[in-house]
Amino acid sequence: MSIVREYMSPDSFWTLWFWIAHVVTWSMASHFAMGVPYDMIVEANREKAEDGPWARATEAIILAQSFRFASMARRFGTALAAVAAFLITMLLTLSIRSDFEFARAVATILVPLSLVYVLTVRMAIRIENRALRGQALRLMIRNLRLQNQLIGLMAICAAVAVAIWEIARNVIAI
């Protein structure tokens, strides 16, 4: 039982599971920009013809996902924004005012992930409004992937900085 408590400890920055979850979250967010696997975009860009099977399949998935994100934003956007703002505010309040380390750890993942979601919805609405097709559509998804990667990199750096701050604070307190 002590092994389970050691690996599933509420001292989040000290467990391997937190860092595994952090890395998996950002690798998935980077690989599946708007729900489209990046290897499909690479294969579609390798095709000589613009109407090849990979290009058609990739375009269909991108258009379906952009329709899905844009329609959900139109239907539930205000309510989702209100709930997300409440939850993020609650999480940040718990992490700062209540000195709750688990909330601080979850915030280092969820706050940047919410920014990725906002950028994804904005991109979906932009794709629908411009009625993009082909290479221009794939380029927008590649740019979204780059933005996701940069946000993920900053999130991991922020988590490392917060972990170092936690270590320093705990060492000084002893």
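This is a predicted model: local features need pLDDT of at least 70, side-chain atom pairs count only at pLDDT 80 or more; totals for chains, interfaces and linings use all residues.
Leaving aside its neighbours within four places in sequence, His22 is in contact with Thr108, Ile109, Ala155, Ile156 and Ala159. The residue belongs to helix H2. Is His22 buried or exposed? His22 is buried, and its relative accessible area is 0%.

Now widen the view to two helices. Select helix H2, residues 16-31, together with helix H5, residues 101-130. Two packed helices are described by the angle between their axes and the distance between the axes. For H2 and H5, the angle is about 5° and the axes are 10 Å apart. An angle under 35 degrees counts as roughly parallel, and H2 and H5 are therefore roughly parallel to each other. Which residues make this contact? On the H2 side, select Phe18, His22, Thr25, Trp26 and Ala29. On the H5 side, select Ala105, Thr108, Ile109, Pro112, Leu113 and Val116. Colouring these residues by class gives eight nonpolar, three polar and no charged residues.

Follow H5 to the loop between H5 and helix H6 (134-173), where Ala131 is found. Most residues other than glycine have a negative phi, and most peptide bonds are trans. Ala131, although not a glycine, has a positive phi of about 50°.

A second residue with a positive phi is Met34, where the value is near 55° and the residue is again other than glycine. To find Met34, select the loop between strand S1 (32-33) and strand S2 (36-37). Met34 is buried, with a relative accessible area of 2%.

Move on to helix H3, residues 38-46, and select Met40. What does Met40 touch, leaving aside its neighbours within four places in sequence? Met40 is in contact with Trp54, Ala57, Thr58 and Ile61. Met40 is buried, at a relative accessible area of 10%.

The next stop is helix H4, residues 53-96, where Ser95 is found. Ser95 is buried, with a relative accessible area of 2%. Apart from neighbours within four places in sequence, the contacts of Ser95 are with Phe100, Ala103 and Arg104.

How many helices and strands does the chain contain? The secondary structure comes to six helices and two strands, in the pattern α-α-β-β-α-α-α-α along the sequence. The radius of gyration is 20 Å, well over the 16 Å that the globule rule gives for 174 residues, so the chain is more spread out than a compact globule. Along its principal axes, the C-alpha trace spans about 65 × 35 × 30 Å.

The protein chain exposes about 10,700 Å², of which carbon and sulfur atoms supply 70%. Of its 174 residues, 33% count as buried, His22 being one of the buried residues. Among contacts in the chain with a separation of 6 or more, 74% are between residues 24 or more positions apart.

Note on methods:
Residues are numbered from 1 along each chain as its sequence is written. Side-chain values use heavy atoms; hydrogens and water are left out. Axes are lines fitted to C-alpha atoms, for helices over the stretch in contact, and angles run from 0 to 180 degrees between N-to-C directions. Helices (H or I, at least four residues) and strands (E, at least two) are DSSP runs, numbered from the N terminus. Angles under 35 degrees count as roughly parallel, over 145 as roughly antiparallel, 65 to 115 as roughly perpendicular and the rest as oblique. Contact means heavy atoms within 4.5 Å. Ala, Val, Leu, Ile, Met, Phe, Trp, Tyr, Cys and Pro count as nonpolar, Asp, Glu, Lys and Arg as charged, and the others, Gly among them, as polar. The radius of gyration is taken over C-alpha atoms; the globule rule is 2.2 Å times the number of residues to the power 0.38. Buried means under 20% relative accessible area, exposed over 50%, partly exposed in between (1.4 Å probe, protein chains only). Accessible areas come from the Shrake-Rupley method with a 1.4 Å probe; for residues, only the protein chains shown count as cover.
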